[in-house]
Amino acid sequence: MRKRLFPYLMILPSMLIFAVFYMASIGYMIYLSFTDWNFISAEKKFVGLDNFKLLLQDQRFLQTLSNTTIYTVCTVFFTIVIALLLAIWINKKGKIYEFTQNAIFSPHIISLVSVSMLWMWIMDYDYGLLNQILEIFGMEPVGWLTDSRIVIYSLVVVSVWKSVGYYTLIFIAGLQSIPDSIYEAAALDNASTMRRLFKITLPMLSPTIFFVGITSVIACFKVFETISIMTQGGPANASNTIVYYIYEYGFRFFKIGQASAAGIILLIVISIFTFIYFKLMSKRVFYR
């Protein structure tokens, strides 16, 4: 009996912290989502599902949900593809490859606030580096952060640049765990490079790809700092995301009930995405 209880006693402190700071907070947010509260008065008026009805009828929130989905899908896709290609390329011995690994990883250790400020200058319409390069080639300047048609994709570029180095190192670790004997056997069979990639590397790397996919999806749904610093959700709500929407309604408009309801919807959306991702990908993961 003591041996059975010992592991549970060891994780009890962590579980208590999780229960107090996570589960209790989620429970309180669920309670607030059914109320009308302005964050100032002590009275919380119970309104039932009215906050959820307002959100689902609010075109601004629906556009925000669409923006978040586009941002997440594009960021996750390009991050995984670029990080995987970089990992395959620099997974070799040599000083030049070690230097490249350090250079690629360096954006990850820079604070997101600094990265956002840097890219604000790079993408500035009048003085930005990108538009100056376009002018050299005789092209018209682009409103990277002011054009509602492309602003969300500009933010995708910033996110991919910031995170690709971290995931590249994770992919390198996964590549180095693949036994060399498998590639040697493939070489004896005269397997081409592409055949080895799709028949050996990607299947053996599938647990790493699965991990990178699920963590990056959750991180993208929670994006806030980049939006707050670079665009504040504009222009015309074209770059607004759910977390920034929650911040606005909670701490600018003091509509805590509506902000909490948006938080519950965010939790549901992440859960659905995670469930679908597990269903689609878990059967394709190769377990060694």
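1. A crossing of two helices is left-handed if the near helix is turned anticlockwise from the far one by less than a right angle, and right-handed if clockwise. By that rule, α11 and α12 cross in a left-handed way. The contact (heavy atoms within 4.5 Å) uses Ile242, Val243, Tyr245, Ile246, Tyr249 and Gly250 of α11. From α12 come Ile256, Gln258, Ala259, Ala262, Gly263 and Leu266.

2. A word on the source. This is a predicted model, where local features need pLDDT of at least 70, side-chain atom pairs count only at pLDDT 80 or more, and totals for chains, interfaces and linings use all residues. Residues are numbered from 1 along each chain as its sequence is written, and side-chain values use heavy atoms, with hydrogens and water left out.

3. Now the angle. The axes of α11 and α12 come within 8 Å and cross at roughly 165 degrees. Therefore α11 is roughly antiparallel to α12. Angles under 35 degrees count as roughly parallel, over 145 as roughly antiparallel, 65 to 115 as roughly perpendicular and the rest as oblique. Axes are lines fitted to C-alpha atoms, for helices over the stretch in contact, and angles run from 0 to 180 degrees between N-to-C directions. Helices (H or I, at least four residues) are DSSP runs, as are strands (E, at least two), numbered from the N terminus.

4. Compare α9 with α12. These two pack at about 165 degrees, with axes 11 Å apart. So α9 is also roughly antiparallel to α12. This crossing is right-handed. On the α9 side, the contact is made by Ile209, Phe210, Gly213, Ile214, Ile218 and Phe221. The α12 side includes Leu266, Phe273, Tyr277 and Met281.

5. Which residues have the most contacts inside the largest nonpolar core? They are Leu55, Tyr71, Trp119, Phe171 and Met230, in a core of 57 residues. Such a core is a set of buried Ala, Val, Leu, Ile, Met, Phe, Trp, Tyr and Cys residues joined through side-chain atoms within 4.5 Å. Among the elements that give two or more residues to this core are α2 (50-57), α3 (59-90) and α12 (256-281). Helix α7 gives the most, with 12 residues.

6. Look at Leu55. Leaving aside neighbours within four places in sequence, Leu55 is in contact with Phe61, Leu62, Tyr245, Gln258, Ala261, Ala262 and Ile265.

7. Ser159 sits in helix α7. Is Ser159 buried or exposed? It counts as buried because its relative accessibility is 16%. Buried means under 20% relative accessible area, exposed over 50%, partly exposed in between (1.4 Å probe, protein chains only). Not counting residues up to four places away in sequence, Ser159 touches Tyr71 and Thr75.

8. How many salt bridges does the structure hold? There are 3 (a side-chain nitrogen of Lys or Arg within 4 Å of a carboxyl oxygen of Asp or Glu). Glu248 pairs with Arg60, the closest N and O atoms being 2.7 Å apart. This pair links distant parts of the chain: Glu248 is in helix α11 and Arg60 in helix α3, 188 residues apart. Glu248 also meets Arg252 in a salt bridge, at 3.6 Å from N to O.

9. Glu248 is buried at 5% relative accessibility. Arg60 is partly exposed at 27%, and Arg252 is partly exposed at 41%. Asp147 and Arg149 form another salt bridge, 2.9 Å from N to O. There, Asp147 is buried at 18%, whereas Arg149 is exposed at 66%.
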